[in-house]
Amino acid sequence: MPLLERLWRNLQFRVNFLFATALLLSLAAVLAVFLLFGKDMLVERDRKLVEQTGALVVAELEAQLTHAETLVQSIASAATAVPLSSESLNQLLYQQLADSQYPEFITGGGIWPEPGMLVPGIERASLFWGRDVEGELQFFDDYNQADEPAYSRTEWYVPVRYLKARHCYWSRAYADPYTLVPMVTCSAPVRRQGVFWGVATVDVKLAGMTAFLGQRLADIGGYGVLLDRNESLIALPQLADGRIAAIALTDRTGVDYRQIWLDGDFKPLHQMMQQQLKVHQDKPRQRLQSKLLAQSDDIDQHEAMQIADYLLTHVGAGHSGVLPTQTLMLSDDPLLSERAQVSLISLPHAGWLLAVVVPDRVAVANADRLAFQGMAALVGAVLLGLLLVGYQVQNTLVVPLKSMIRRLRISGAEPVRLNEDAGFELGQLAQAYNQQQQALQASQAVINESRLCLQSMMDTATDGIVTLDPAGHILEINPSAAQLLGDGAECLRGTDFCQFFSCEAQVTVVEGLEQIINAQQQRISQLEAVMRQPAMPLYIELSMSGWQAAGRSHITVFMRDITERKTAEQRVHYMATRDSLTGLYNRYQLAERLATGLKVAQRHAQKLAVLFIDLDHFKDVNDRLGHQAGDQLLMGVAERLLLSRRAEDSVARLGGDEFAVVLQDIQQTGDASATAEQIVQSLLQPFWIEGQACHIGASVGITLYPDNAGSAEELLKQADSAMYLAKAEGRNTWRFYAPEQHQKQQQRRHMLAELAEAISRQQLVLFYQPMLQASNADPRCAPVSFEALLRWQHPGFGTVSPMLLVPLAEEAGLMADIGHWVLEQACAQLAQWQNEGLGLCQLSVNVSAQQLQQGDFETGLRRLLGNYQLSAEQIRLEITESLLISEGCAEQMHRLDELGATLAIDDFGTGYSSLSYLQRFPVGVIKLDRSFVDGVEDSGSSQTICQAVISLAHSLGMEVVAEGVETQMQQQMLQQMGCDQLQGNLFTPAIPAEQAIQWLQAYRRGPANTVQAMGWHN
């Protein structure tokens, strides 16, 4: 034991011992990692190499099979295009087979028509060429003999009927009846004019398949087994004289190795491959199985299911470029008599399964060899390192250090000068020691002076200064710090510094002190903390720095009161990020939070939704109850939105009655729609403002990241667009962003912006369509009236019809101005035609609700009639049926009737008014809607409605005008019903004023042939 202690005190022994221990531990760790993981990785790598060998074998086999498929597709395609004659098809077939690059592989081929397809009435009229023993192509007509089985019901023919174009069918393996050579047939459908016409075939010789696999796998000591989809052997090896050799499957005098495959030692491999070829049965496969059994003579039930699975799965899938491979292990292979690796490789388009069997020791032996070499190299490195380290430590460190230690021991407490001529690093150490001794003596006086100066600075400093020990207890404290901590300096010494801060701030302060003590940071600045105060919070800014004295660590903390500044910052931040009325985030803070949320969603592959909310009917509440009530309503909306969100979601008021919600980390699209529905339903509930129940609603637009956009600005625009779509579809609902709807809205907004200038830019024009008497009156004297129809000739969008123009004008609040312009232009045109003596009896003008509701419509009409010297009877005012139920409409209509104007109900039958309104209002004309006129020819209900309206109008003393007359049959039926006037494209569509005059002049000329040429029929 004393010997071990003396050795351990020896520096050289300890360095060598520790170095050797570290190397040995490293060696043990490396070996353990290698044995646990590295060896398995090497074994797995070598096994992958074995799989790659199998893949190369399959690649060669695939090339030959692909050639056969290409050839049969070429024959099928050519057979579709050539003239339908035996000579042409036979010459085509011979040429295709003769041009084959693999005559030793392609042994023959044929064209097999459906019964009666090639020669009418002849069931068997096939064409087949095969190679003889010398490899020359010979024509065979044996399959067309009566004693031969019908080829149209064979296994290689029937399944082709269910193939799609550009697909091939590989038959079962069989022995050629003439040469006894193992064969397989590749078939493809021939379709002429889209109808199944027959089958094209190519026969592939398999006699050399076993030898081919044996040659390719001999280098790695393995063998291969090849099965078709019916589990029939195509290639199987045997063990002869200690070597794996090929089995002649067609050798009838030898051993029946097929039976050995089924019942002998190959049983484990057989079961493994059989499991891989197992077919999943379902109704589509069973239906196809039944069809195959009914149409063929040489397919049993099991094979029919195999073929059905092949047709529905492998043929339909096509070639993917990567063949399905499965690697398994055999504990005791019958031929190798050892553990073996089995790679099962599927050839889907042929329905074959290849098993590549290789000894597992090929991979394991290589890994063992590399493991032994690695261990030997590491042990050698450890021994060599020990020798080198021991030599260097003895000469460069141990001897010089012992010399210095002896001199220091002899000197005692007196200063000593060490020898600076030792080794380079030790010499520098001695020199530094000598200089340090001199500096210590010179700086002792300076230290005493500095102590006095430091004490004076601490006593007079306005910032608090505290010195702490490593445990966080106060060692020294100046008066300013004592005042902040709320006690005297003597009472505070020795107390825990962190106890004076709030619970949240204590964690931050403790972490900062630990970082200084552990030397993770030398200085920490501007650390904010809150003091534990009974009243208002006191904010302190801390700066910490660590230093050493007498072998002990100390920390100096500077404290500054920042309460006033912090309070101001919080107030400014709240005002900058919050809506002043509701306290929600404002538009700018929402954009910042949305940008942050997008970064989080992108980093974690999450979805994010933006909801744009616009209140419905808020303006009505604001106008009815005042702005103060409106503000209370907005605050109530904010409260309900906050209740509808999750903790991680953001709610903001964008301005006015617009709000937005950002839904972070939604799992599916339905989450966003569910939240939107919850918001819509919550805002439908009444708000109680000043004792009154206020009912509003909300239209919500939804857009998603990353489905729709990736930027915050674009998401907000899309959500806004989706909100307008929700408003357009009835309000009080939500809609997702749709690009096509957004484009329509952009176009609609652009048109709204330009509509205000349309009148000044002279883009609005009036078209005119005549209304003719339905009776067989003489056109030369029959009264004719026109309807003025508004059109907007936009330079970019073309001619805009009233169906789009009127809703735009009503939305923009311009309908009254545009309606006044239309009425004035119509009066001016009618006055011009009257001065020209054209004999027009009346002009119809459409009047909107906004015009009538202004209250001064009658006054304006009187002024226009006076300006253009027209009578009120010459103007027919057409109003929609919905105006009849609006408040204040009756009085306005009676005043217009007293003026002498004729009032007509436009689009009668499509509104919501009852027939009782016809008695209450002074209506003179009913315009039958075109929807009833369209169905009058073939709809009994439309005929009944038209007849009833005409009869009702006549009984009330009103005239009836039928709109949208397009055919002569409609004209005749309406005449028979007693309709007064007809209007529609049968006579002429709406046309400009100049063309309307030309049409009227042609109509007035009178002869029947002229009238018929212009579209009028007696």
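1. Buried means under 20% relative accessible area, exposed over 50%, and partly exposed in between, with a 1.4 Å probe and protein chains only. By that cut-off Gln 970 is buried, at a relative accessible area of 3%. Gln 970 lies in helix H29 (residues 968-977). Helices (H or I, at least four residues) and strands (E, at least two) are DSSP runs, numbered from the N terminus. Contact means heavy atoms within 4.5 Å. Gln 970 touches Val 933, Asp 934, Val 936, Glu 937, Gly 964 and Val 965, leaving aside residues up to four places away in sequence.

2. The model is predicted: local features need pLDDT of at least 70, side-chain atom pairs count only at pLDDT 80 or more, and totals for chains, interfaces and linings use all residues. Residues are numbered from 1 along each chain as its sequence is written, and side-chain values use heavy atoms, with hydrogens and water left out.

3. Five strands form an open sheet with mixed pairing, in the order E21-E22-E20-E25-E26. Strands E21 (650-655) and E26 (734-736) stand at the edges with a single partner strand each, so one side of each has no neighbour in the sheet. Two strands pair if DSSP finds at least two bridges between them. Nine bridges join E20 (residues 607-616) to E25 (residues 697-705), and these two run antiparallel. Asp 614 stands opposite Ser 699 in E25.

4. The structure holds zero disulfides. A disulfide is a pair of cysteine sulfur atoms within 2.5 Å. The sulfur of Cys 946 is 8.4 Å from the closest cysteine sulfur, in Cys 979, too far for a bond. Cys 946 is buried, with a relative accessible area of 0%. Cys 827 is buried, with a relative accessible area of 0%.
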